[in-house]
Amino acid sequence: MILFLALTFVGIAISALCAFAIFWPLALVHLRDRHPALRGELGEAAFVTPAAWNWLLRRRYRAAGDRNLDGLATPARVSLLITFAALACAGLLWLLSLLVP
């Protein structure tokens, strides 16, 4: 049962990663088109750089005051948080399954 729950968390992480792969590029394109100064803070290859993810997780996109950007970046932020949390829970359950006979 423990490994089933761990696998369920992996599935949740995959679905959240898919949501991230949809909303984060949309937010980056919106930044490129409407807020080039903020886009400059993220640097090149912002889709995969941890510094850009840190920028997203700290909600620095709110400084733009753009509701459309908030509508794209907030789901990307939530999905990234869910991905990390679900993978952490799956890892903890896997470790628990090694300890419990």
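Ala45 counts as partly exposed, at 46% relative accessibility; in this scheme buried means under 20% relative accessible area, exposed over 50%, and partly exposed in between (1.4 Å probe, protein chains only). The place of Ala45 is the loop between α2 (36-42) and α3 (50-57), where helices (H or I, at least four residues) and strands (E, at least two) are DSSP runs numbered from the N terminus. Although Ala45 is not a glycine, its phi is positive, at about 55°.

The model is predicted: local features need pLDDT of at least 70, side-chain atom pairs count only at pLDDT 80 or more, and totals for chains, interfaces and linings use all residues. Residues are numbered from 1 along each chain as its sequence is written, and side-chain values use heavy atoms, with hydrogens and water left out.

A positive phi is also found at Arg59, a residue other than glycine, with a value near 60°. Arg59 lies in the loop between α3 and α4 and is partly exposed, at 38% relative accessibility.

The aromatic side chains come next. The structure holds 5 aromatic pairs; rings of Phe, Tyr and Trp (its six-membered ring) pair if their centres lie within 6.5 Å, and planes under 30 degrees apart count as stacked, over 60 as edge-to-face and the rest as tilted. One of these pairs is tilted and joins Trp53 to Phe84, at 6.3 Å centre to centre and 55° between the planes. Because Trp53 lies in helix α3 and Phe84 in helix α4, this pair ties together parts that are 31 residues apart in sequence. Trp53 is partly exposed, with a relative accessible area of 24%, and Phe84 is partly exposed as well, at 40%. Both residues belong to one aromatic cluster, formed by Phe20, Trp24, Phe47, Trp53 and Phe84.

Finally, the cysteines may be considered. The structure holds 0 disulfides, a disulfide being a pair of cysteine sulfur atoms within 2.5 Å. Cys18 is in no disulfide, and the nearest cysteine sulfur, that of Cys89, is 19 Å away. Cys18 is partly exposed, with a relative accessible area of 44%, and Cys89 is partly exposed, with 31%.
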